[in-house]
Amino acid sequence: MALDHAHPTDPAAGSAPAPTGHGEGLLPSHRLPMPDGGFLLTTLDTLLNWARSNSLWPLTFGTSCCAIEMMSTGASRHDWSRFGFEVARATPRQADMIVVAGTICFKMATRLRILYQQIPEPKWVLAMGACAVSGGPFYYDSYSVVKGVDRVIPVDVYLPGCPPRPESLIHALMKLQEKIRTESVATRKPHVLPPFPFEHVVMDPEKEFDHR
Amino acid sequence: MSAPTTDTKAKSPTYQDYFINMGPQHPSTHGVLRMIVKLSGETVLGLTPHLGYVHRGIEKMTEAQTAVQITHLTDRLDYLSAHMNNWAWSMTVEQALGIAVPERAEYLRVIMSELTRIASHQLWWGVFGMDLGAFTPFLYGFRDREMINDIFEKSCGSRLTMNYICPGGVTQDVTGEFEGETRRFVEYFKPIIEEYETLVSGNVIIQERTKGVGILPADRAKAYGCTGPVLRASGVDYDLRKNHPYGVYPRFDFRTAVSPEGDSWARYIVRLEEMRQSLKIITQALDQMPKEGPVRTKLPPTLKIPKGRYMARGETARGEIAFFLVGNDSPKPYRVKIRTPCFSNLSAFPEIIKGWRVADIVTVLSTFDVVVPDIDR
């Protein structure tokens with residue numbers, strides 16, 4: 001057994017020669033063999049939340065200006081892969097979360113709802129930018145902008161700013177990680193979709209193609 | 001490098017052309033543009049762009065806001081050319097009210113606009129690489145773009161939607177570090193363009209996928225009203241900064257980047273050349289700029305737009321933006337029509353993509369460099 005020296009209390013380790021030169025004073029304490037036989041106790045929640053919060057795969061969903069700042073966050077200087085977000089997926093079926101980056105209009109809202117429903121549980125939503133939080137600069141006089149994406153899909157973290165800086169986005173993503181770490185598998189329930197008056201119309205490309 | 005294929009093969013009696021949706025949620029459409037593509041196998045028989053997924057009603061919103069308030073809406077049209085949009089709108093209002101702009105502000109406008117043009121082309125260059133499957137250009141482009149963002153941030157506190165150029169000049173003077181930092185950036189970026197060339201331009205895959213692909217002839221480009229790099233890559237020597245100069249552009253020595261081929265490759269090299277010319281303009285503007293002086297004309301608290309029709313246009317990173325303003329002796333405009341470059345550029349796209357493959361849709365659309373909120377407004 002290659003790992004025998006790490007299990008000094010293991011009865012099978014008796015025949016192996018005692019490791020010399022690796023005395024207790026030479027290794028840092030976390031490298032020392034575990035006294036009770038070398039396993040780690042944890043709760044299922046901690047383990048799952050650790051895994052979930054540190055590899056969140058966002059859906060590439062950017063409608064307008066905030067998408068550029070989201071790209072900046074993913075690029076050289078800010079590099080969100082340090083926190084486990086770099087695997088931006090183009091399909092909702094592989095994603096864990098949506099960063100709603102940009103204005104959502106009524107025409108897009110029905111599609112966003114479909115995208116959200118296609119993400120497998122567990123899933124989270126981050127509303128990035130003033131438009132996604134409340135309609136932002138288009139709150140008052142615009143007839144086509146949804147006044148906040150939480151009227152379409154449930155939102156976990158709100159991030160104001162027009163557009164928010166990359167540092168703010170990283171902060172918001174870390175807040176989301178904190179939120180995920182407090183969740184429990186036993187009590188976690190999927191969010192309920194808010195009522196939205198417009199239902200999705202099936203897109204028929206043949207019908208909508210310009211045949212001229 | 002293949003010619004567009006024509007669909008002449010004999011078909012089985014059960015054969016049917018088929019239609020697919022590309023978008024609105026698609027990573028290569030640069031936003032939420034939906035394209036309905038009619039296909040035969042992998043050959044594109046036709047394409048219909050379907051707009052309106054980020055239609056925010058900006059033209060209607062302008063009727064409820066004052067002239068200075070509208071400036072922040074123009075940022076959000078083509079957010080990669082925010083300074084130029086601000087400038088075009090400010091020129092419209094200045095024309096309506098007869099406001100003169102201080103000398104220093106004119107130079108600041110030019111420097112900021114050319115920096116925006118470089119930043120926009122850097123981002124385009126990175127995303128173009130990503131559309132073709134290369135992630136590295138994206139990182140290189142953003143590395144250099146952050147330096148421009150730093151300059152913007154120190155001048156107006158914002159990285160993307162600046163709202164810096166406003167009717168009457170610019171909102172505030174730049175800090176003392178501005179000139180040195182901008183010069184440092186120009187010196188830094190000159191050799192970096194050559195690095196871009198070695199990294200992407202010489203790549204065989206990039207050349208195979210762009211040279212001769214998606215040719216837009218000059219007459220069609222003119223007919224569709226294409227402007228900007230898309231038009232200049234078709235061999236039409238037309239640049240608003242040269243042909244109908246505004247601001248202090250006549251004082252600078254630069255040349256219009258033109259390429260006669262009209263294919264994706266031409267659009268690529270035209271943008272790289274534009275970055276070089278922008279660097280030239282910035283250096284000259286920094287040399288000529290008065291070191292002191294006001295940057296904003298004193299305006300009355302309420303800007304009443306006199307009765308009449310006014311129009312001004314400017315050259316953004318994507319082409320020509322024009323604002324048509326109808327005043328009604330009230331602070332709020334009676335009507336504002338915005339002519340955005342991406343809308344006209346996109347209208348030429350369905351025609352030139354016919355006969356090419358599905359994968360070429362991504363390449364050619366990427367070289368058109370559309371910004372969807374600019375199309376939908």
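Guide: With contacts: two residues are in contact if their C-beta atoms, placed from the backbone, lie within 7 Å. This is a predicted model. In chain B, 70% of the contacts between residues at least 6 apart in sequence join residues at least 24 apart.

Visitor: What is the overall make-up of chain B, in helices and strands?

Guide: Chain B has 15 helices and eight strands. Its radius of gyration is 21 Å, close to the 21 Å from the globule rule for 377 residues, so chain B is as compact as a globular protein of that length. Along the principal axes, its C-alpha atoms fill a box of roughly 75 × 50 × 35 Å. Of the 377 residues, 52% count as buried.

Visitor: Which elements of chain B have the lowest and the highest mean pLDDT?

Guide: The chain as a whole averages a pLDDT of 87, and 96% of its residues score at least 70. Among the elements of chain B, the lowest mean, 85, belongs to strand 1 (residues 18–22), and the highest, 92, to strand 7 (residues 320–327). For the complex, the predictor gives an ipTM of 0.85 and a pTM of 0.84.

Visitor: How should I read a sheet? What is the strand order in the open sheet of three strands in chain B?

Guide: Pairing comes before order: two strands pair if DSSP finds at least two bridges between them. Here the order is 1-2-3, with antiparallel pairing. Strand 1 and strand 3 (43–50) of chain B are at the edges with a single partner strand each, so one side of each has no neighbour in the sheet. From one strand to the next, the twist averages 25°.

Visitor: How many bridges join strand 2 of chain B to strand 3 of chain B?

Guide: Seven, and the two strands run antiparallel. One position to look at is B:Lys38, which stands opposite B:Gly46 in strand 3 of chain B. The hairpin of these strands has two residues between them, and B:Gly41 takes a positive phi near 65° there. On the other pairing, strand 1 of chain B and strand 2 (residues 34–40) of chain B share five bridges, also antiparallel. B:Ile20 has B:Val37 of strand 2 as its bridge partner.

Visitor: Is strand 2 of chain B mostly covered or uncovered?

Guide: Mostly covered, with five of its seven residues buried.

Visitor: And how do I read a helix?

Guide: An α-helix has 3.6 residues a turn, so residues three or four places apart point the same way. For a case, take helix 2 (residues 67–75) of chain B, whose buried residues are B:Ala67, B:Ile70, B:Thr71, B:Leu73, B:Thr74 and B:Asp75. They pack against helix 1 (58–61), helix 3 (82–97) and strand 4 (165–166) of chain B.

Visitor: How many residues does each chain bring to the contact between chain A and chain B?

Guide: Chain A brings 35 residues and chain B 37. On the side of chain A that touches chain B, helix 2 (65–74), helix 3 (106–118) and helix 6 (205–208) of chain A supply at least two residues each. That side of chain A divides into 17 nonpolar, nine polar and nine charged residues.

Key: Residues numbered from 1 in each chain as written. Chains lettered and ligands numbered in written order. Predicted model: local features only at pLDDT ≥ 70, side-chain atom pairs only at ≥ 80, totals over all residues. pLDDT = per-residue confidence, 0-100. Helix = DSSP H or I, 4+ residues; strand = E, 2+ residues; numbered from the N terminus. Nonpolar A, V, L, I, M, F, W, Y, C, P; charged D, E, K, R; others polar. Axes fitted to C-alpha atoms, helices over the stretch in contact; angles between N-to-C directions. Buried ≥ 20, exposed ≤ 12 C-beta atoms within 10 Å, placed from the backbone. Rg over C-alpha atoms; globule rule 2.2 N^0.38 Å.
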